[in-house]
Structures are given as structure tokens and as C-alpha cells.
Amino acid sequence: MSTSTHAPRIGLALGGGGARGLAHIPVLEAFDDLGLKPARIAGTSIGAIMGAVYGNGRSGEEIREIARDLFADRNGVFSRLWQLRPKRFADMFRSTPVQFDPQRVLEVFIGDYLPKRFEDLQIPLRMHATDFYGCEEVTFDSGPILPALAASIAMPAVFKPVLHNGRYLIDGGVVNPLPFDGLRADCDIVVAVDVVGAPVPRDDKDDISMLDSLFGSSQILMQTITKQKLKMDQADILVRPPHDPIRVLDFMKAERILNNAESLRAVTREHLTQLVKEPMKVT
């Protein structure tokens, strides 16, 4: 039986974690530094966004500049948020919190950087969402991008659930916050980036606010799911940004998040170099 060698196929899993998901960018830059491209990407929530933009041909450095441009100017962010205001005057004065339409948020903030369909991507991508009433994971890897991405990022309390094909879908992090499972089937190396983080106390409060309680509980849930998954299987490379006081919606601290996560670039580059230096043998 003859043997041959081939360059290893790399699967990249980009996890959910709100604003801390900007820490995915240095990892993408590490791939670019080495001239490598993932064979497949799996993404949940903010990881799905990063995967869609990167898979559409943008470099890690370009995505860094996009993030800086989006969140450097507070007035610019408020201007975009104003476009997302409730259409009905009465909705502005409801007693319950106003939830945003996640698809409209995507259109207003990053619509120019997304392809229309999964089939248009340069790198195959799988996105993860949650069927709210079915209590199960839903994955997307074909068809229109926006509805799938909207479902994957539909964080409870912030975004409305997405009605898609008769099912109400919410944030994929509820069931699969770090979607490295499934990549092993046709990838030789699996890289997973865990950006969930943990609850952060506020200096000026003696109690826990409703939103902090909700987001913190979600982080604890997602950490628990990931720990259980890692007991059953391991990614070849697992990277996490250093602990920081960043909260789920702290997107206006983009520069701080990127600076704090800068070490991930060198760490990922080092591990990838180690694993890809010898071609994989196939028979």
C-alpha cells in the first residue's frame, strides 16, 4: 500500500461571548501570519459573525480595522442604534425592555461585509443556534446567511428570537458555546477559541442588576457546557484570552479587548507552527 502526504486540514471553532469575541481577531491574524487558511470554520454567536466575515475573504487585520471603525466613535454607534429604534411610537414606552431585531442589527452594523449565501463564502462555515421550544441545537451551513446569523446571535433579553422555518431560534451559546465538535470528522487539526468569560462585579454597586444576573448566569451555563464537552473530546489547540473585567455588551471597549487579547496571536502562531511543520501521512 502506498503512502502520500498532504497539508493538514485545519478546523477553526470560534465561540460565543459577546464583546469578548473581539478576541477572536488576533487568532485570525495568526493564521494570516503563517499563510494558512482553515479548511472549515464553526461559529457560535459573535464567533459566527467573525467566521462569516473572515470566510468572506477579509483578513484578520481588516476585521480589526472594521471593529475599530465601528466602535471607536460613540456618536457613530448611537447613530446606528437610532436606526434600530422601534417603528411604533408606543413601543418606546413599554414597561418591558425593548428587544432589537438581530437581523436588522446585522444589516446596519456589518451588512456590507457579509455575503448573501453560505455558498458564496471562500471557507465553508457552520453556524450554531438554539431552537427555543424544541430545546435543541440547530446548525446552518447552506442557504441565506442573514437569517442564520441573526439566529446564532439572538442573545435573550437583548435580541428578539428569530422565527425561521416555523421555529423560534435564539443564541447558539445556550447549547453549544464552543462548537469544535464535528470539525474532527474531516479536519486533521482542530483549533478552538473560548471567549465566554465570567461574571464581573461592578465597583459602584452593592447588588447585582437584572442584566448582570442574566448575562452572568449565561456565562456560567456556557462555561459548564464547555467543561463537559472537554471531558469527552479535546481540541488540538485551545486558546482563551486572559481574564479581564469585560462584560458581555462592552463593545465600546473594543481597543482594550484587542490589546488584552494580543498575546493570543503569538500563542496560536506557535502552536500552529508546531502542528503543521510535518505533513500528515495518508494511506
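Some ground rules. Residues are numbered from 1 along each chain as its sequence is written, and side-chain values use heavy atoms, without hydrogens or water. Since the model is predicted, local features need pLDDT of at least 70 and side-chain atom pairs count only at pLDDT 80 or more, while totals for chains, interfaces and linings use all residues.

Confidence comes next. pLDDT is the predictor's confidence in each residue, from 0 to 100. The protein averages 90. At least 70 is reached by 90% of the residues. Residues 89-96 stay under 50. There the model has four contacts (heavy atoms within 4.5 Å) beyond four places in sequence. Where pLDDT is low, the predicted coordinates should not be read in detail.

Now the inside. A nonpolar core is a set of buried Ala, Val, Leu, Ile, Met, Phe, Trp, Tyr and Cys residues joined through side-chain atoms within 4.5 Å. Buried means under 20% relative accessible area, exposed over 50%, partly exposed in between (1.4 Å probe, protein chains only). The largest core has 66 residues, and L12, M127, F140 and L149 touch the most other members. Which helix gives this core its largest share? Helix α2, residues 46-55, with seven residues. Helices are DSSP runs of H or I, at least four residues; strands are runs of E, at least two; both are numbered from the N terminus. In α2, 10 of 10 residues are buried. G57 follows α2, with a positive phi near 105 degrees.

Back to L12. Its contacts include V27, F31, I41 and V193. A second, separate core has nine residues, among them A13 and L178.

On to charges. A salt bridge is a side-chain nitrogen of Lys or Arg within 4 Å of a carboxyl oxygen of Asp or Glu. The whole structure has 20. Take R104 and E107, at 3.3 Å, N to O. They sit three residues apart in helix α5 (residues 102-110), so about one helical turn separates them. R104 is partly exposed, at 32%. E107 is partly exposed too, at 34%.

Then K229 and D181, at 2.7 Å. This pair links distant parts of the chain, 48 residues apart. K229 lies in helix α7 (residues 210-232), and D181 in the loop between β7 and β8. Buried or partly exposed: which is K229? K229 is buried, at 12%. D181 is partly exposed, at 31%.

Last, a network of salt bridges links E29, D33, R64, E262, R265 and R269.
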